[in-house]
Amino acid sequence: MLDLPNLILIGPMGAGKSTIGRLLAAELSREFLDSDHEIQARCGADIPWIFDVEGEAGFRDRETQMIDELTRLEGVVIATGGGAVLREENRRALRERGTVIYLFTTVEQQLRRTAKDRNRPLLQRGDREEVLREMFALRDPLYRATADVIVRTDRRGPRAVVNEIVRRVTRLVDPLQCKA
């Protein structure tokens, strides 16, 4: 296997970043780190609590610090929170310190995947579909501008997505290595 850079997964909530990240890391024999889980471990509190106490701005400050730390590691697979791309300093760190993969999914798929999830503070206000559509309109251009690779995850199993990521990232790193 090639010596691949850090692989960084971005995309909206419900795109499968954590599930796919774990599988991808296992496939490549790498450490997997989820920025949201790392924030929770460091704070000793879950994300809804952080949002309640510190507000979204406080959470985003913690997220920026964590992204800076995680992207300085080498040879890891990182899953970011859906809003990580909102700050330019995060987008820059992601682009400069790894290969960024945008896990694209539709709002309809997000609604299905997050239907019973109560740990997503931004979905606890108003109409869930409307909130997701607003976030998509704002964030999709940022995901696209940050990503080296875009991979669709809706109506596909995680293993198929992982296989596509490995194939496409390998091609990016060494175009002659991959004959597909």
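Leaving aside neighbours within four places in sequence, Val-100 is in contact with Ile-8, Ile-10, Leu-94, Arg-95, Thr-146, Ala-147, Asp-148 and Val-149. Contact here means heavy atoms within 4.5 Å. The model is predicted: local features need pLDDT of at least 70, side-chain atom pairs count only at pLDDT 80 or more, and totals for chains, interfaces and linings use all residues. Residues are numbered from 1 along each chain as its sequence is written, and side-chain values use heavy atoms, with hydrogens and water left out.

Val-100 is found in strand β4. Helices (H or I, at least four residues) and strands (E, at least two) are DSSP runs, numbered from the N terminus. With a relative accessible area of 0%, Val-100 is buried. Buried means under 20% relative accessible area, exposed over 50%, and partly exposed in between (1.4 Å probe, protein chains only). Val-100 and Arg-144 are 44 residues apart in sequence, yet their C-alpha atoms are 9.8 Å apart in space.

Ile-10 also touches Val-100. Beyond four places in sequence, the contacts of Ile-10 include Lys-17, Thr-80, Val-85, Leu-94, Tyr-102, Tyr-143 and Ala-147. The largest nonpolar core has 24 residues. Such a core is a set of buried Ala, Val, Leu, Ile, Met, Phe, Trp, Tyr and Cys residues joined through side-chain atoms within 4.5 Å. Ile-8, Ile-10, Phe-59, Leu-94 and Tyr-102 touch the most other members. Two or more residues each come from β1 (7-10), α3 (47-71), β3 (76-79), α4 (88-96), β4 and α6. Helix α3 gives the largest share, 7 residues.

Aromatic pairs were then counted. Rings of Phe, Tyr and Trp (its six-membered ring) pair if their centres lie within 6.5 Å; planes under 30 degrees apart count as stacked, over 60 as edge-to-face and the rest as tilted. By this rule there are 4 aromatic pairs. Phe-51 and Phe-59 form a tilted pair, 5.1 Å centre to centre, with 35 degrees between the planes. Phe-51 counts as buried because its relative accessibility is 14%. Phe-59 counts as buried at 2%. Tyr-102 and Tyr-143 form another tilted pair, 4.8 Å centre to centre, with 35 degrees between the planes. Tyr-102 lies in strand β4 (residues 99-104) and Tyr-143 in helix α6 (residues 128-146), so the pair ties together parts that are 41 residues apart in sequence. Both tyrosines, Tyr-102 and Tyr-143, are buried. Ring pairs join Tyr-102, Phe-104, Phe-136 and Tyr-143 into a cluster.

An unreviewed UniProt entry lists Asp-36, Arg-60, Gly-82 and Arg-139 under "binding site". UniProt positions are given in the numbering used here, feature names are shortened, and annotations may be inferred rather than shown by experiment. Of these residues, Arg-139 is included in the lining of the largest cavity. On a 1 Å grid over the protein atoms alone, a cavity is a set of points where a 1.4 Å probe fits but cannot get out; lining residues have an atom within 4 Å of a point. Arg-139 lies in helix α6. Its relative accessible area is 6%, so Arg-139 is buried. The side chain of Arg-139 reaches the backbone oxygen of Gly-82 at 3.5 Å. Asp-36 sits in helix α2 (residues 35-43).

Definitions and conventions: On a 1 Å grid over the protein atoms alone, a cavity is a set of points where a 1.4 Å probe fits but cannot get out, and a pocket is an open set with protein on both sides within 12 Å along at least five of seven lines; lining residues have an atom within 4 Å of a point. A polar contact is a pair of N or O atoms within 3.5 Å; within protein, one must be able to donate a hydrogen and the other to accept it, and residues adjacent in sequence count only if both atoms are side-chain atoms.
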